[in-house]
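Please keep the model open while reading.

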Amino acid sequence: MKAQAEAPAAGGWRLVKRVGAWLFFAAVLALVVRQARTIDWNEVLDALRAIPRPALLAAAALAACSHLLYSTFDLLGRRMTGHRLGTRIVMRVTFISYAFNLNLGALVGGVAFRYRLYSRLGLDNLTITRVLGFSMLTNWLGYLVLAGAVFCFFPMVLPPDWKMDGEGLRILGALLLAGGAAYLGLCAIARQHTWRVRGHELDTPSLRMALLQLAMSMLNWSLIGGMIWLLLQRQLPYHEVLAVALVAAVAGVITHVPGGLGVLEAVFLALLGHRAPQGTLLGALLAYRAIYYLLPLILAALTYVATELRARQLRRRLPSASS
C-alpha cells in the first residue's frame, strides 16, 4: 500500500519538475528573442575588436588554468574508488569530457564520453558512475559555497524593475551556504563514509577530502568569472560579474541548452544591461565563448580522435600477439 501511494506522488513530482523546466526554458527563450531584436550587432563586433590583446591573452591563460584544474577533478574520484589508471590518462579523459560537456551538454560530454573512454580503459560501470558522481559533486559543492558567499556578503545591484532586492539575494546566499556547510558537517561527523539510500551506495569523503573538493571547485568558478571580468576590461566590479556568471550557469543547466547558448547572454543582458552597453557585454561574451568553449573543444576533439586511433591499433595488435 505504501509503495502504491509513493508511486503516484513520485510521478506527480517528476511532472511538476518537467513542467517547471519547460516554463523556465520558455521564459529564457522569450528573453533571448526580445533582447536579440534590440541588439546592434555592428556595435557588438566593434566591441569585440576593441578588446585589447593583453586582456585576451590574460583570459586565455585563465581558461587554460581552469581546464587544467577541472581535469584533476576525476583524480579525486580515483582516490575515492581506488582504480589504478594513470594520472595523465585520467586528466585526458576528464578534459575531453569537460570540453564536450560545455559545448554539447552534460549527457553527451560529462556522461557519454566518460563512460565510453573509461570503459575502453578497463573500468567497470559502477566505478565510472562513482567517479562521475564525485566529480559532479566537487563542481557543485564549490558553486554552492562561492555563490552563497557572493550573494550573501556582496549582493549585486539588480535592475530597478526587478522585484528581488539585495535582501532577497542575501537570504538565497545564506541557504546556499547552509547546503555547503551541511555537506562538510556530514563529512566531519560521519562514522561510516558509505551510505545506503534506496539500494544505492553513496560515499562521503573525509573532511580533508571535502575541503580539497571545495577549494578546487571554488577556484575553478572564480577563474571563469575572472575571464569574463577581464574581457569586460574590468568596467564592472569582479564580484558582480562573478555573481551573474554563477546565475547563468544554473540557468543553462535548468534549460538543458547545450553550452547555454543564448542563455548566458540573456542572463548577462538582463542583470547587467543597466550597468554596461549591450555591445560591450555581448562582445566580451563572444570572446569568452571562443576562448573557453570553442578552442578547448577543437583540442579535445583532436585528442579524442588520437585516443580512438591508438585504441584501434592496440586492438589490432592483440590478436596477432596472441597468435
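How are helix 4 and helix 9 oriented to each other: roughly parallel or roughly antiparallel? Helix 4 and helix 9 are roughly antiparallel, because their axes cross at an angle over 145 degrees, the cut-off for that class.

## Basis of the model

This is a predicted model, in which local features need pLDDT of at least 70 and side-chain atom pairs count only at pLDDT 80 or more, while totals for chains, interfaces and linings use all residues. Residues are numbered from 1 along each chain as its sequence is written, and side-chain values use heavy atoms, with hydrogens and water left out.

Helices are DSSP runs (H or I, at least four residues), numbered from the N terminus.

## Helix 4 and its surroundings

Helix 4 covers residues 73-81, and Phe73, Asp74, Leu75, Leu76 and Gly77 in it are buried (under 20% relative accessible area, 1.4 Å probe, protein chains only). These buried residues pack against helix 3 (53-70), helix 5 (87-104), helix 6 (107-120), helix 7 (125-153) and helix 9. Gly82 follows helix 4 and has a positive phi, near 80 degrees.

## Helix 4 against helix 9

The axes of helix 4 and helix 9 come within 11 Å and cross at roughly 165 degrees. Axes are lines fitted to C-alpha atoms, for helices over the stretch in contact, and angles run from 0 to 180 degrees between N-to-C directions. From helix 4, Phe73, Leu76 and Arg79 make the contact; from helix 9, Met209, Leu212, Gln213, Met216, Ser217 and Asn220 do. Contact means heavy atoms within 4.5 Å. By class, the residues of this contact are five nonpolar, three polar and one charged. Nonpolar covers Ala, Val, Leu, Ile, Met, Phe, Trp, Tyr, Cys and Pro; charged covers Asp, Glu, Lys and Arg; the others, Gly among them, are polar.

Met216 lies in helix 9 (residues 207-231). Met216 counts as buried because its relative accessibility is 11%. Leaving aside neighbours within four places in sequence, Met216 is in contact with Leu69, Thr72, Phe73 and Leu76. Met216 and Leu69 are 147 residues apart in sequence, but 7.3 Å apart in space, C-alpha to C-alpha.

## Helix 4 against helix 5

The axes of helix 4 and helix 5 come within 8 Å and cross at roughly 125 degrees. Asp74, Leu75 and Arg78 of helix 4 meet Thr87, Val90, Met91 and Thr94 of helix 5. The residues of this contact divide into three nonpolar, two polar and two charged.

Conventions: Helix = DSSP H or I, 4+ residues; strand = E, 2+ residues; numbered from the N terminus. Buried < 20%, exposed > 50% of the residue type's maximum accessible area, 1.4 Å probe, protein only. Parallel < 35°, antiparallel > 145°, perpendicular 65-115°, else oblique.
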